[in-house]
There are 2 protein chains.
Amino acid sequence: MTKAAKPDAKARLPLTRKAVLDTALKIVDEAGLDALTIRAIARELGVYPNAVHWHVGSRTNLVGAVASRLFDEITLPDPRKHTWDEWLEVVARQWRDAMHQHPNIAMVAGTHLVTTTGAMPIVERILSVLLDAGFEDESLVDAYNAFVGFVLGWLTVELSREPENADRGWKDEFEEDLDQLDPNTFPALTSAMPRMRNAAFLTRWDSGRQQPMAGAFDAALTVLISGLRASVPKR
Amino acid sequence: MTKAAKPDAKARLPLTRKAVLDTALKIVDEAGLDALTIRAIARELGVYPNAVHWHVGSRTNLVGAVASRLFDEITLPDPRKHTWDEWLEVVARQWRDAMHQHPNIAMVAGTHLVTTTGAMPIVERILSVLLDAGFEDESLVDAYNAFVGFVLGWLTVELSREPENADRGWKDEFEEDLDQLDPNTFPALTSAMPRMRNAAFLTRWDSGRQQPMAGAFDAALTVLISGLRASVPKR
DNA sequence: ACCTGAACACCGTTCAAGT
DNA sequence: ACCTGAACACCGTTCAAGT
């Protein structure tokens with residue numbers, strides 16, 4: 001982050017919308033979602049706040065636009081080289097890779113309504129692969145929503161944000177609470193705790209950014225795909 | 001929302017932390033997540049901002065605390081009255097109901113790291129049911145993460161927030177874009193569009209608050225449970 | 001311990017005015 | 001159309017001081 005805006009910047013650039021979104025992505029990657037402010041972008045570009053406001057509209061709009069960009073970074077595998085269930089697995093992992101490259105903004109895609117046609121190529125691909133698998137009509141849309149909702153949702157939860165301004169020591173506090181659970185009232189949990197400490201949902205204190213859950217995602221994905229396989233309509 | 005704080009309020013109440021969280025939940029239910037500010041709570045309680053700040057700490061902390069409350073509203077079914085897979089389905093639907101009753105704060109549970117022991121009874125229940133089903137050791141934690149990540153994640157995406165300050169007309173704009181997709185480049189999507197318009201992920205413009213996706217959730221849940229059934233380790 | 005009262009730094013957004 | 005320059009209303013958070 002340049003501490004002072006380049007004074008000559010405004011003399012040259014016409015300040016396109018693309019430039020605004022570029023520096024927005026840069027800021028959110030480096031400093032987090034809370035740091036992604038209109039004024040921060042303006043500072044970085046050596047421009048008045050209203051200038052960036054003019055190009056991207058409200059801040060909510062800006063955040064959505066930056067999040068939409070991630071769909072461009074998902075490289076889809078060739079459907080002819082895989083069976084349909086294999087293909088879905090590969091896409092899911094590609095999706096995960098893309099989100100993990102921009103974790104601060106990626107989870108927004110799961111929380112904010114994204115209304116961009118930029119995602120339509122992916123939608124088309126998934127649908128056509130599901131069609132080949134034998135899904136049709138209602139079962140097609142159901143399978144689609146199951147897959148997309150699972151991938152987008154599970155990864156969003158994995159990348160949950162840690163409170164940026166939280167009280168220091170809340171992690172230690174929670175860890176301590178977990179260790180002091182009564183084995184009589186929580187027999188299953190306490191016996192599984194060695195495997196779940198900071199590694200399972202609701203019993204972890206680090207986000208997926210620091211503690212990736214790749215193995216857990218693969219396992220969950222396998223479960224879902226196997227369920228999809230069993231729900232292909234019989235012809 | 002009372003427009004003016006009761007002047008006698010501060011004379012009586014000692015202002016407990018519980019009271020702060022109560023009015024916080026009320027505000028977020030009525031006016032949305034952006035309206036949940038420390039100052040708004042202080043106004044409602046007829047108190048200085050620093051008073052509520054003293055009880056709940058930072059705003060991030062406050063939001064997390066309010067979100068954690070939802071776990072109390074999930075009423076768990078009796079495991080002895082269901083098979084393990086049935087039981088998981090019932091829990092998932094209960095979970096969905098609880099989240100839909102406080103949609104503005106519920107999705108925070110999927111986005112923010114929740115570190116509260118208040119969720120441990122649910123964790124314990126799920127684990128013990130999965131144990132009965134035959135999962136153990138690593139497969140137990142995998143099944144747990146698959147189920148919890150799916151439910152929490154899918155529902156978070158369903159309840160995605162609509163931008164509160166967005167430009168008017170962005171919905172119509174997106175709808176129009178969808179209708180103008182080229183059938184040659186998007187054959188599967190355009191032919192499935194009647195079923196997907198405003199009803200499927202990435203092709204909707206209303207949140208699950210206005211357009212609930214109960215049917216899609218049930219279908220996805222069935223897929224996941226069927227996948228779990230297939231992944232029970234053989235003894 | 002709990003809260004008042006006031007201040008500080010930082011926001012998004014909106015004007016009018018320039019070019 | 002695009003941006004300056006300034007202002008407005010609203011934040012979270014932090015002080016010192018009271019009780």
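Is the crossing of H6(A) and H9(A) left-handed or right-handed? In this predicted model, H6(A) and H9(A) cross in a left-handed manner. Helix H6 of chain A covers residues 84-101 and helix H9 of chain A covers residues 120-133; their axes come within 9 Å and cross at roughly 160°. Since angles over 145 degrees count as roughly antiparallel, this crossing makes H6(A) roughly antiparallel to H9(A). On the H6(A) side the contact is made by Trp84(A), Trp87(A), Leu88(A) and Trp95(A), and on the H9(A) side by Arg125(A), Ile126(A), Val129(A), Leu130(A) and Ala133(A). Sorted by class, the residues where H6(A) touches H9(A) are 8 nonpolar, no polar and 1 charged.

The crossing of H2(A) past H3(A) is right-handed. H2(A) contributes Val20(A), Thr23(A), Ala24(A), Lys26(A) and Ile27(A) to the contact, and these meet Ala40(A), Ile41(A), Glu44(A) and Leu45(A) of H3(A). The contact of H2(A) with H3(A) is made up of 6 nonpolar, 1 polar and 2 charged residues.

Asp22(A) pairs with Arg69(A), and the closest N and O atoms of the two are 2.7 Å apart. Over all chains, the structure holds 28 salt bridges.

The last topic is the meeting of the two chains. Chain B puts 78 residues into the contact and chain A puts in 79. About 6,100 Å² of area is buried between chain B and chain A, and carbon and sulfur atoms give 73% of this area. How many salt bridges are found across the interface of chain B and chain A? The interface has 2 salt bridges. Arg195(A) and Asp137(B) form a salt bridge in which the closest N and O atoms are 3.9 Å apart; the cut-off for a salt bridge is 4 Å.

Key
Residues are numbered from 1 along each chain as its sequence is written. Chains are lettered from A and ligands numbered from 1 in the order in which they are written. This is a predicted model: local features need pLDDT of at least 70, side-chain atom pairs count only at pLDDT 80 or more; totals for chains, interfaces and linings use all residues. Side-chain values use heavy atoms; hydrogens and water are left out. A crossing is left-handed if the near helix is turned anticlockwise from the far one by less than a right angle, and right-handed if clockwise. Helices (H or I, at least four residues) and strands (E, at least two) are DSSP runs, numbered from the N terminus. Contact means heavy atoms within 4.5 Å. Ala, Val, Leu, Ile, Met, Phe, Trp, Tyr, Cys and Pro count as nonpolar, Asp, Glu, Lys and Arg as charged, and the others, Gly among them, as polar. Buried area is the accessible area (1.4 Å probe) that two parts lose on being put together, summed over both. A salt bridge is a side-chain nitrogen of Lys or Arg within 4 Å of a carboxyl oxygen of Asp or Glu. Axes are lines fitted to C-alpha atoms, for helices over the stretch in contact, and angles run from 0 to 180 degrees between N-to-C directions. Angles under 35 degrees count as roughly parallel, over 145 as roughly antiparallel, 65 to 115 as roughly perpendicular and the rest as oblique.
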